[in-house]
Amino acid sequence: MHSMKKSKTLIFFLIISLLMTSSISIVLAEDASGTNKGITRLEFFKAVNASFGFTEVSDKEYKDLTKDDESYEEIRKAVAAGYVQGYTDGTIRPEKLITRQEAAKIAAVACGLNNELSNSASGFADAGEIDEWARNYVGIVKDRLIMTAFEDGTFGPQKHITAVEANEIIKKAKEQIIKSEVAVTSIKSDYHMHMMSGEFSKIFKVLMGGDTSNGNLIEEYSGEKIISLLDSANIDAAFVVSNSYILGMDGIAGKDEYDDVKKENNYVAIQTAKYPDRLIGFFSFNPLREYAEEEMERCYNELKLPGLKLHFTNSDVDLTNPEHLMKIQKLFKSAADKNIPILLHFRSRSPEFGKRDAEILIDEVIEKIPNLKLQIAHLGGWGGFDDAAVQVFSTFIEKYEKNPSLNKNNIYFDFSGVVVTEKERMEGVLEPITEEQADKIAEMMRKWGLSNIVMGSDWPFVVPKDYIDNVKKLLPLTEEELNTILSNDSAKVLFEKSMDNGAIKHPNLEELNKKFKDGVDYNTSFSIKF
């Protein structure tokens, strides 16, 4: 056995790191010659043990390890921590150079992610070279941006890690611990959740091509179901939206389209009426339809639903089309005059969607309707954070900075569906966010103003609790920044009343039960034929 002192490649030194956990981080340094060669398993074990504070020891023995070896205690700590077991021949091989796939396992276990399941390793160009035992760990560290691909798309599972790489891996793995321990003072609301009747869930299954959405069972999402999801994440309240706009989509709408739209909006009114202190309902429809204004009047005055959800992608709205723009201007003006805030999925189907669309929305709609109140979903995109979303969000930032007459207080962005992991991946549509994208998201949020950013899970896209965990782990936000976002009460601006005092316009359950019958006026079959 070679002692630590005989290592010619690397030396160790300690840096006291005043992180949130006040723990010690080990930094591996290059030697004086400036070389940066592979490091040994022992060197990596020692750095991980010190950085994560592993002190318990195991009594397991190895053929190539004796009590007299300087590596004895460090290896006993590593085994007790659970990130290394040794080889099948009974050896531990501390002086063997450590590989990237071995480092992946150690990082995943050290920061407590080893119980996660991931198939992300299959995305590497050399996935076939990753040993079976390491595939899940490699997928986990890829999902969490602890380790990423080389420029050629490979992972290099058998390559040896250098001191520089080791430092970066340990740093990023440690950040997962810090982010998971962030103390959130209050989670005001999930500002973007979808509610659906049992009958609508049948349609949604057909549209999704199966019984689940990102692993979440597609079924009736009642008020009770939404409340259970909020409780599991310690969230106070939620904006819940109707899916009636889907019932007005070209290619899906049935022969009795407007009746279908009414039924699902009725359902949302009934369900939110059961939880007046926690659920705020948003009715919806296709804004290009002739019945749009009529349904807005009905939902607001009869159902007493206080908010409107519009989905430009599904409704095929394109603001570069003069006819569409005119209809949207009229509808938005009517909503603003009634003090109805709009939760807007802004992105259109156009492949050219981006900066120009944002300019039209600001110049031709928002600026001309100063009392308009908007919550723009998905940071202006449709989930993920592609170039189109960046263009929209950056255009808002730039134009509001240059034009002080624009009232930013009336405009919120939610980041529902933006933080995508491998679990939510949709090939060619939504890809897991990269570290660069995560940095960009946080940077642009700060520029826009964190007080005008709200969290939304886009359930059933992802479970609220899981989405908050993903945000904490993947977005480089400080504890203070995250708390600011999660405690924002946008209802004070959008409805001019806080959700705390129950003063927001709300459906009355007794009145609705007199007017509507279950199985007839809501939660009943639609005219859609697939």
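Q: Why is C299 called buried rather than exposed?

A: In this predicted model, C299 has a relative accessible area of 0%, and because buried means under 20%, the residue is classed as buried.

Q: What makes C111 buried or exposed?

A: The relative accessible area of C111 is 8%; since the cut-off for buried is under 20%, C111 also falls on the buried side.

Q: How many disulfides are there, and by what rule is that known?

A: A disulfide would require a pair of cysteine sulfur atoms within 2.5 Å, and by this rule the count comes to 0.

Q: Why is N214 counted as buried?

A: N214 has a relative accessibility of 19%, and because the label applies under 20%, N214 counts as buried. This residue lies in the loop between strand 4 (212-213) and strand 5 (216-217), and its phi is near 50°, a positive value in a residue other than glycine.

Q: What makes K304 partly exposed?

A: K304 has a relative accessible area of 25%, and since partly exposed covers the values between under 20% (buried) and over 50% (exposed), that is the class to which K304 belongs. K304 is placed in the loop between helix 9 (292-302) and strand 8 (307-311), where it has a positive phi of about 65° although it is not a glycine.

Q: How do you know that L207 can belong to a nonpolar surface patch?

A: Patch residues need over 30% relative accessible area, and L207, which is partly exposed, has 36%, so on this criterion L207 qualifies. Found in helix 6 (residues 198-208), L207 makes a patch of about 380 Å² together with V206, M208 and F530.

Q: Which residues have the most contacts inside the largest nonpolar core, and what makes it a core?

A: A nonpolar core is a set of buried residues of listed types joined through side-chain atoms within 4.5 Å; the largest has 113 residues, and F285, F332, F346, L379, F396 and F415 are those with the most contacts inside it. Helix 12 (residues 387-402) supplies the largest share of this core, 8 residues. Apart from it lies another core, of 44 residues, with Y62, V84, I98 and A107 among them.

Q: Which residues does F415 touch?

A: Leaving aside residues up to four places away in sequence, F415 touches L379, M445, I453, V454, M455, G456, Y467, V471 and I485.

How values were computed. Residues are numbered from 1 along each chain as its sequence is written. This is a predicted model: local features need pLDDT of at least 70, side-chain atom pairs count only at pLDDT 80 or more; totals for chains, interfaces and linings use all residues. Side-chain values use heavy atoms; hydrogens and water are left out. Patches are made of residues with over 30% relative accessible area and no salt bridge: like charges are joined within 9 Å, nonpolar side chains (Val, Leu, Ile, Met, Phe, Trp, Tyr) within 5 Å. Accessible areas come from the Shrake-Rupley method with a 1.4 Å probe; for residues, only the protein chains shown count as cover. A salt bridge is a side-chain nitrogen of Lys or Arg within 4 Å of a carboxyl oxygen of Asp or Glu. Helices (H or I, at least four residues) and strands (E, at least two) are DSSP runs, numbered from the N terminus. Buried means under 20% relative accessible area, exposed over 50%, partly exposed in between (1.4 Å probe, protein chains only). Contact means heavy atoms within 4.5 Å.
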